[in-house]
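Hi,

Here's the structure I said I'd pass along. Have a look at it first, and then read on for my notes.

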Amino acid sequence: MRKLTTDDLMGQLSATEEVINGEIVIQKIEGETPVVQAVLQDVDEFPIMLSVGDEQILAIVDLWGIDEVEDGKVSELNAVLLRANLPVPLSSFSIMGDRYVLFGALSINSDVNAVVEEITTLANNVLDALDFCKEYLNS
């Protein structure tokens, strides 16, 4: 069986109703590891990056930097996010460097409908995260 590539994922997503009707806008971003950037209409300030690995498709969205957390509230925010990992559907919080992120992972064998579901769920979870974390973030 042929390994899924970023170009394959772009092609599959391009054929979905969500991309055709403009609900999701996608583009390939070249780099050391090429990614597909997916932007949803209602959450356009939080693009979702999809990378294709050997065994999984990783969907990740950058939330905010540690410098955007109110002074003295980093530990409290981290505890809130750890507790939120279970009830947040199909997504988990993490810290990459000095950035907070939300991510989801799918099997490399997932069909494109599952990828679209991951993208839309992740976007909805961003809105929820912003809501329940606002008291920890600088205005």
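Thr121 is buried, because its relative accessible area is 13% and the cut-off for buried is under 20%. Bear in mind that this is a predicted model. You'll find Thr121 in helix 4, which covers residues 112-133. If you leave out the neighbours within four places in sequence, Thr121 touches Pro89 and Leu90.

Gly72 is another story: with a relative accessible area of 80%, Gly72 is exposed, since exposed means over 50%. Look for Gly72 in the loop that runs between strand 4 (56-65) and helix 3 (74-84). Along the chain, Gly72 and Tyr136 are 64 residues apart, and their C-alpha atoms are separated by 9.3 Å.

Now for the strands. Which strands pair with strand 6 (residues 99-107)? Strand 4 is one of them, in the antiparallel sense and with nine bridges. To see one spot in that pairing, go to Leu58, whose bridge partner in strand 6 is Ala105.

Strand 5 (residues 92-96) pairs with strand 6 as well, again in the antiparallel sense, over five bridges. Here you can pick out Phe93, which sits opposite Leu102 of strand 6. Strands 5 and 6 make a hairpin, with two residues between them. Gly97 is in that turn and has a positive phi of about 65°.

Cheers

Note on methods: Residues are numbered from 1 along each chain as its sequence is written. This is a predicted model: local features need pLDDT of at least 70, side-chain atom pairs count only at pLDDT 80 or more; totals for chains, interfaces and linings use all residues. Side-chain values use heavy atoms; hydrogens and water are left out. Helices (H or I, at least four residues) and strands (E, at least two) are DSSP runs, numbered from the N terminus. Buried means under 20% relative accessible area, exposed over 50%, partly exposed in between (1.4 Å probe, protein chains only). Contact means heavy atoms within 4.5 Å. Two strands pair if DSSP finds at least two bridges between them.
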